[in-house]
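I opened my notebook to go through this model from fold to surface. Here are my entries, in the order I looked things up.

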Amino acid sequence: MKPPQDSPAANPAPDDEPDLEQALEQVERSLQALKNRHAQVQADQQRQQDLQPRLTQAQRELRHNRSQRLRTEVKQLQQQLEELEFALESQLFSWGSLKEPFWQAIRFGGLGVVVGWLLRSWMG
C-alpha cells in the first residue's frame with residue numbers, strides 16, 4: 001500500500017504564506033479597532049451617566065435660584081449630553097455596518113420581484 005500523497009491544502013504553497021500573514025494582520029487590526037471602539041463607547045456611556053445626575057441637580061437648583069451661572073451650567077451640561085448621545089449613536093450605526101444587509105435586501109428583494117413577474121407571466 002502506498003503512503004498517502006500530501007495534499008496541496010495540507011502544505012500551502014510558499015506564495016500563500018504572505019496572503020495568510022496579511023489576512024491575519026488585517027484581522028488583528030480589525031480586532032484592535034473594535035476593542036478601541038468598545039472602550040470609547042464604554043467611556044462615553046460612563047460620562048453620560050456621570051453628567052445626567054449633575055444636570056438634574058443643576059435644573060433643580062435653577063428652579064429655586066435663577067442665576068446666570070446656573071443657566072450657563074445647565075446649557076453646557078445639556079450640550080455635553082447631546083454630543084455624547086450623538087457620538088454613541090454614530091458609533092453604533094454606520095454605513096459600514098448597514099452596507100451588507102442593505103445590499104442583501106436589494107439583491108433578494110429584486111430577485112423576488114423577478115420571480116414574481118416570471119410566475120405571473122407563466123400563470124396568466
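I took helices (H or I, at least four residues) and strands (E, at least two) as DSSP runs, numbered from the N terminus. With that settled, I read the protein chain as α-α-α along the sequence. My tally was three helices and zero strands.

A note on ground rules: this is a predicted model, local features need pLDDT of at least 70, side-chain atom pairs count only at pLDDT 80 or more, and totals for chains, interfaces and linings use all residues. Residues are numbered from 1 along each chain as its sequence is written, and side-chain values use heavy atoms, with hydrogens and water left out.

Entry: I called a residue buried under 20% relative accessible area, exposed over 50%, and partly exposed in between (1.4 Å probe, protein chains only). Of the 124 residues in the protein chain, 10% came out as buried. I then looked for nonpolar cores, meaning sets of buried Ala, Val, Leu, Ile, Met, Phe, Trp, Tyr and Cys residues joined through side-chain atoms within 4.5 Å. The largest has nine residues: Leu-51, Leu-55, Ala-58, Leu-62, Leu-70, Val-74, Leu-77, Leu-81 and Leu-84. Two or more residues each come from α1 (16–64) and α2 (68–92). The largest share, five residues, belongs to α2.

**Entry: the salt bridge.** How many salt bridges does a search of the whole structure find? I used a side-chain nitrogen of Lys or Arg within 4 Å of a carboxyl oxygen of Asp or Glu as the test, and the search gave one. Arg-69 and Glu-73 form a salt bridge through their side chains, at 3.3 Å from N to O. The two are about one helical turn from each other because they sit four residues apart in helix α2. Arg-69 is exposed at 55% relative accessibility, while Glu-73 is partly exposed at 23%.

**Entry: Glu-83.** I found Glu-83 in helix α2 too, partly exposed at 48% relative accessibility.

Entry: I logged a nonpolar patch of about 720 Å² made by Phe-108, Leu-111, Val-115, Leu-119, Trp-122 and Met-123. Patch members have over 30% relative accessible area and no salt bridge; like charges are joined within 9 Å, and nonpolar side chains (Val, Leu, Ile, Met, Phe, Trp, Tyr) within 5 Å. The areas come from the Shrake-Rupley method with a 1.4 Å probe, and for residues only the protein chains shown count as cover. Val-115 lies in helix α3 (residues 95–123) and is partly exposed, at 40%.
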